[in-house]
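Welcome, and thanks for taking a look at this one. Below is a short tour, moving from a single residue out to the chain and its partner.

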Amino acid sequence: MAFNGHQRDDDTVDEDETPTKQPRSNKEMPGYFRSEPGSEAAAPAGRATPDRRSSNATARHRSDSVKKTRPPFPWFGMDIGGTLVKLVYFEPKDITAEEEQEEVENLKSIRRYLTSNTAYGKTGIRDVHLQLQDLTLCGRTGNLHFIRFPTHDLPAFLQMGRNKHFSSLHTTLCATGGGAYKFESDFRTMADLQLHKLDELDCLIRGVLYIDSVVSSGPSECYYFENPTEPDRCVQKPYTLENPYPLLLVNIGSGVSILAVYSENNYKRVTGTSLGGGTFLGLCCLLTGCSTFEEALEMASLGESTRVDKLVRDIYGGDYERFGLPGWAVASSFGNMMSKEKRESVSKEDLARATLVTITNNIGSITRMCALNENIERVVFVGNFLRVNTLSMKLLAYAMDYWSKGQLKALFLRHEGYFGAVGALLELLHPS
Amino acid sequence: MAECSGIDSNPSSHTMDKSITLPPDEIFRNLENAKRFAIDIGTWELKTFGIIAASDKLYEISVQEEVTARLHFIKFENAYIETCLDFIKDHLVNTETKVIKATGGGAHKFKELIERKLGLKVDKEDEMTCLIKGCNFVLKNIPHEAFVYAKHADSEFRFQTTNPDIFPYLLVNIGSGVSIVKVEAEDKFERIGGSSIGGGTFWGLGALLTKTKRFDELLQLASKGQHTNVDMLVKDIYGGSYGCLGLTGDLIASSFGKSATADKEFSKEDMAKSLLHMISNDIGQLACLYAKLHNLSRVYFGGFFIRGHPVTMHTITYSINFFTKGEVQALFLRHEGYLGAIGAFLKGAEEDNPNQYSWGENYAGSSGLMSVSPDMNPMQRARSGTFDMLEMDRLERQLVNLPLLQDPSSYIPDTVDLTEDALAREYWLYCFEEALDGVVKRAVASQPDMLEAALRAEKFRQKYRHKLQTLRHQPFAYGSLTVRSLLDTREHCLNEFNFPDPYSKIKQRENDVALKYYQKAVKSLEELSWEERQFALVRGVLAGNVFDWGAKAVSDKCLIPLCAQTDCVVFLSERPWLVDSYNQWLERMKGPPHKCALFFVDNSGVDIILGVMPFVRELLSRGTEVVLASNSGPALNDVTNGELQILTERIAAMDPVIQAGLRDDRLMLVQSGSSSPCLDLSRLDKVLAMVVRERQTDLVIIEGMGRAIHTNYYAMLSCESLKMAVIKNSWLADRLGGKLFSVVFKYEVPAGKPSQDCETSTPS
C-alpha cells in the first residue's frame, strides 16, 4: 500500500484536508508502512532497528492509532554527508487555533525561522524551488522544505539548535548519512539531542520512491534528455517512472554509490567509486583556487576541456577506426597537460571543465558496466553533484546513450540530493 | 647473416639529463647484421627500439660457425632518438630491407625523421595489434614472464609458471589512457573497453597539482605521500567504518574530498599519492567490471604507467584484490615495455614465420626487470644509462612439454626458488662469485691461440659479476632466481664473449681416456653375478657422475687423476644413501623389462662412457629400448648431442650390444633442445617429445645434480622415474641433511600404477 493510500484511511479520523497528491498506483509500492502494532506501542520514540531489507510485514490499516503514534512536531529528516548536510523540514499548514495555542514558543520560533528565510547563516540555503506544497504526511498537511548547508558548518547548526532550545521539544531527530554516526556525540553534547541513526541507502531508496510517488503536479520529478547525442536537439523531457524495477540507482555525492534496486525492499550496493562530487570540487579548488561548487561549475561552463584532454584525434589524427573510437572521444583525461607549453596555455576555466568532464564520464562508464553486469537498462542518477549541473547530466545522458548504442536510458530526479533526508523523515513518521 | 629488427620509442616533451652518454657500441653491437627493423614509438618518456639481428659468432675454435638469429630490443629515452638513428645509419651496412615497421601512438610524429635519417620507408602498423602480438609472444616464449606483485610478501614477485595455454586473457594497457582488450586466440582480440583516466591523467594532472614535470618524479613524490591527508575516507564521514556494507573506515570515500572542504595547503607528496590511488583504483575497478562481464580470470596489466614501477603495481594489485575480493589476480609482465616493438617486428617478419620457432631470453643481453625503475638501485641505473635491453635467441627447434609430465600446468623445474629463500640465495650468489676466477681461467685456457682471449675473458668476468650484483639487489630481475638461472646466465655471458665451449678440449681429452677403459669396465661387469652387476651399474653411474668439472668440490679433489671407475668409488658414501630406493629398483629390475627408457645424460668423459653406457647396455640387453637425450648446445662439460653421436659410434665399434642397438634402432640419440646444465622438462625439443610418445616410453632416468637435484627433484612423471645424483656441494648436502658426496637414488612409480605395467600416458 502506498504512502498516500495510507493517508486516505487517516482522513476519516483526522479532519484533514483531502489529500492533494494521489498515488500513481497502489500496487506500486506495496507495504510502504509496515508498522507492527507491538513495536509501535513499545517504542514511541525509539524505533525498531532499520532492517527493512528483510522486512516482510504486511501493511496494516489503522485509523484511530494514527494520532497517538504520530510523532510530535517538529518533523525533520536529516542526511549528513561528507560535504553537505541535507535537511528536510515539514511545515504543517493545517494547525488549528487550539494547536496554535498549545504550541510551545520554541517550536514556533523554529518554524518561523526556517520558513521565513531562504538562507541561514553564511552557508545554509533553502531550495525554494524544490519545496513541495500541500503535502499530506501522516494525516497532516503542509509544505516540505529542502535545506542544505556544508557539513563543516554543522557546529554552527548545533549551536543554533542549542540556542533555540531544540532539545526541549523532545523530538526525535532522524538522521542518516555518515555524519549521523560521526557527529552523534556532538549532537548529544552540544545540543542535547539524541539522534536516531538510519542506514543511508535504505533512506535513499525510500526517499526516491516516495518523492517520485507524491509529485504529480508542477514539473515532473523524473526526467530525461531527449536526443542526448545531438546537442542542438537535446531537450529535457518528463519521464514517468512507472514500474521502476529493476533500476540502477547512482547516487553521486562526495563519492558515488551504485545500487541495483529490484523492489523497494530488495536492493544491493553493486559498487561505488571514490571519484565523485568531492573529487570534482576538490580538484577544482586545487587547480583553480575556487572555493565553492557553484564557482567551480560556473568556471566549467566557460571552459573548453579539449584543450586539457588528449583526444583520440590528437593521437591518431582522426578516428581510431580499428576499434570504433571516434576522434572526439577523450583518449587521456588531462593528457595534454603532460606538455609544459600546453600547461601554460590553458585557463582555469578549461581545467574546471576538464575536471567536470573527467569525473562525469568516469561515473558514466562505471555505471554502464554495472548496468551490463546487472542486466539493468534504466539508470537513475541522483545526488548533489548534479545540482544545477546540467553539463554533467547531459554528459551522462550522452554517455549512456552513445556507448550503449541507445540501450541505456539515463534518468534524473529534481530533488537530486535530498532523498536520503526524505527517507529519514519517513522513518520518523512511519518506522519500518 | 642477419635477420631483422624492431623499435619502440616514446616522444615526450621533457628533456633528458644530457650528462648521460650513449653507449652505442654495446647497445647496437649486432646491428651490422640486422636484416629487418621495427620501431614502436609510444607517446611516453621511454622508447623501445628493437632490432632483430643474427649474430655471427666468429670464434675460430668452434667446429662450425654458429648463426643464431637473435631479437634485440632496446628501450631508450626519446631524447636519444636522433643519436640512435644516426648510429643506426652509420652501422647499417648490409640491410636488405627498405622498410621499417613502426607502431605506437607517436609513430606518425617520427615518421619523417626516421625516413630522412635512415632512408627507409616507414610502414605503420596498428598499435594494438602489435601489442597483442608481442604479448602472446612473450607469454609463450619466456618462462616466468608473468608475475603477481605482493609488496609486503617475502618475495615481492611471484612468477607464474608458463602455461602453454595462454588464452583467453584480458590485457589492460595503461598508456596515456587505458585500453582493455580481450584476447581469445593468436589473431583474435577485441578492444572491449577503456578509460580516459590513465597514465596521462596521472602525469598531466600531477604536473598541474605539484608543478613536477617528470613522470618518475611524480611517482617518487607519490611513494612518499599520505593520501589520507587529501582523500576523504569512510571514517572521515562516518567517524568509523560503515559496518553494514562492510566498508572499512580506511576506504576512500571521495578522492581529493578533503581538498574541497579544508582550506589549507596540501603537500605535493600527499596530492601525488592521492592521485595515484585515485587512478589505480579506478583502472582496477573498470578492469574488474570488464573481467566479470566477459568471465575472464587472467588479467595482465601493462603500459608505461605500470612499466616496472613498484608503486603502481602495488596500487593496482590492491585495487584488484579489493574489487574482486581476491578472485582475480593482477598479473604483470617482465617485458611489458617491449610488447609493441616485438609485435611490430613480428608483423614485419611474418615471411620468416618467427612463430614457428621457440625463443629464449638471453640473460647476458637482457637488462632484467626494473633496470630503469626510479626506485631501484640508482647507482646501477646510472651505469646502464637509460637503456634497457631485451635479447632473445631463436632456438633451432621448437620446444614443448615432456609428454610424460604428470601435470604440465603445475610443473616447476626448479627445486629451490632463490627469490624466496634468502639464505640459499646468499650462498649460491657467493658460490658463483667464488667460482668466477676458475671459470675465467678455463675460458682463457680453452683458446690458447687467441691473443685477445684474456681480454674477452676479463670482459666476461665483469659482465657476469655485474649480473650477480644485480641479482643480489634484484633477485627477481629475470624471473624467479634459481641455481639454473645462475648457471644459464653464466653460459649466456660466456657465449656473449665468444667462449661458447670452454670445456671442448677437456671434454675431448676425457672422452679419449675414458674410452680406453670401456672394454675393461664392461668385461669386469659381465663377470659379476646378476644382482652384483645391477648394483655395480648403479654405482658406476653415480661414481662416473662424481667426475664433473663444474662442481668445485670435485675439481679440487681430483683435477688430474682421471682414474678408472673403481678408484673413484671411494668418494661415494655407503648405503643406505641419503635418498635410497635401490631395493625397490632392484625388485623392479627383476620384473619384466621396460618398453623404452628415456635417459637424460650429464657429463662427458667417465660419466657418459663408463657410467651411463654400461647401464644403457644392460637395459638394451634386457630388451628395453633406450633414448639418450643430451644437450643441443654446450654447457660446462656436459656431453652434447653432437659429441655423443661420435662417442656412441666409437663405443659401437668396440661393443656389439651397442652396435646392435644402433643398427636396430633400439638405441636412439636425441637432443634435448637445451644448452643448460639443468633441465626444464617443459621446454624440450619437439622431436624428443615425439619419440617419447612413439616409443611408449615408460621409464625416465635423470642423472646428475643439475638435472636431478637443482631441477626436477620434485618433478612428478606419469611413468616410472629414476633420479640419480651425487651431491657434490657441501652446503647443498648439508641442506638436504647429508654429507658431501651423499647419494640421491630416487626411484618413483606414479601413485595408483603398479610398477609392472606402467602404462605410457601421453597428455599433450
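Let's start with B:Phe615, which sits in helix H22 (residues 606-622) of chain B. Please keep in mind that this is a predicted model. With a relative accessible area of 3%, B:Phe615 is buried, because the limit for that class is under 20%.

Which residues does B:Phe615 touch, not counting those up to four places away in sequence? They are B:Leu537, B:Val538, B:Val541, B:Trp585, B:Phe599, B:Ile701, B:Leu722 and B:Met724.

## Chain B as a whole

Chain B has 764 residues, and 65% of them are buried. Its secondary structure consists of 27 helices and 26 strands. If we take the contacts in chain B between residues at least 6 apart in sequence, 75% join residues at least 24 apart. The chain exposes about 27900 Å², with 50% of that supplied by carbon and sulfur atoms.

Beyond its neighbours within four places in sequence, B:Arg461 is in contact with B:Leu436, B:Asp437 and B:Val440.

## Salt bridges

Side chains of opposite charge can pair when their charged atoms come close. Over all chains, a search of the whole structure finds 50 salt bridges. One of them joins B:Asp236 and B:Lys258, whose closest N and O atoms are 3.0 Å apart. This pair links distant parts of the chain, with B:Asp236 in helix H7 and B:Lys258 in helix H8 of chain B, 22 residues apart. B:Asp236 is partly exposed, at a relative accessible area of 22%.

B:Asp501 and B:Lys507 form another salt bridge, with 3.2 Å between the closest N and O atoms. Here B:Asp501 is buried at 16%, and B:Lys507 counts as buried at 1% relative accessibility. In the salt bridge between B:Lys723 and B:Glu748, the closest N and O atoms are 3.3 Å apart. B:Lys723 belongs to strand E25 (residues 720-726) and B:Glu748 to strand E26 (residues 743-748) of chain B, so the pair ties together parts that are 25 residues apart in sequence. B:Lys723 is buried, with a relative accessible area of 1%, whereas B:Glu748 is partly exposed at 24%. Over in chain A, a network of salt bridges links A:Asp127, A:Arg148, A:Glu294 and A:Arg387.

## Where chain B meets chain A

At the interface, 54 residues of chain B are in contact with 57 residues of chain A. The two chains bury about 4600 Å² between them, 63% of it on carbon and sulfur atoms. One salt bridge is found across this interface: the side chains of A:Glu374 and B:Lys292 meet at 3.9 Å, N to O. There are also 18 residue pairs in polar contact between the chains. Several elements give two or more residues to the chain B side, among them helix H4 (127-141), strand E11 (188-195) and helix H5 (199-210). The largest share, nine residues, comes from H9(B). By type, the residues on this side divide into 28 nonpolar, 18 polar and eight charged.

B:Asp126 gives a local view, in the loop between strand E6 (121-124) and H4 of chain B. Its side chain reaches the backbone nitrogen of B:Met128 at 3.2 Å. Apart from neighbours within four places in sequence, B:Asp126 is in contact with A:Tyr320, A:Arg322, A:Phe323 and B:Thr103.

How values were computed. Residues numbered from 1 in each chain as written. Chains lettered and ligands numbered in written order. Predicted model: local features only at pLDDT ≥ 70, side-chain atom pairs only at ≥ 80, totals over all residues. Heavy atoms only, no water. Contact = heavy atoms within 4.5 Å. Buried area = accessible area lost by both parts, 1.4 Å probe. Salt bridge = Lys/Arg side-chain N within 4 Å of Asp/Glu carboxyl O. Polar contact = N/O pair within 3.5 Å; in protein donor to acceptor, adjacent residues only side chain to side chain. Helix = DSSP H or I, 4+ residues; strand = E, 2+ residues; numbered from the N terminus. Nonpolar A, V, L, I, M, F, W, Y, C, P; charged D, E, K, R; others polar. Buried < 20%, exposed > 50% of the residue type's maximum accessible area, 1.4 Å probe, protein only. Areas by Shrake-Rupley, 256 points an atom, 1.4 Å probe, with all protein chains shown as cover.
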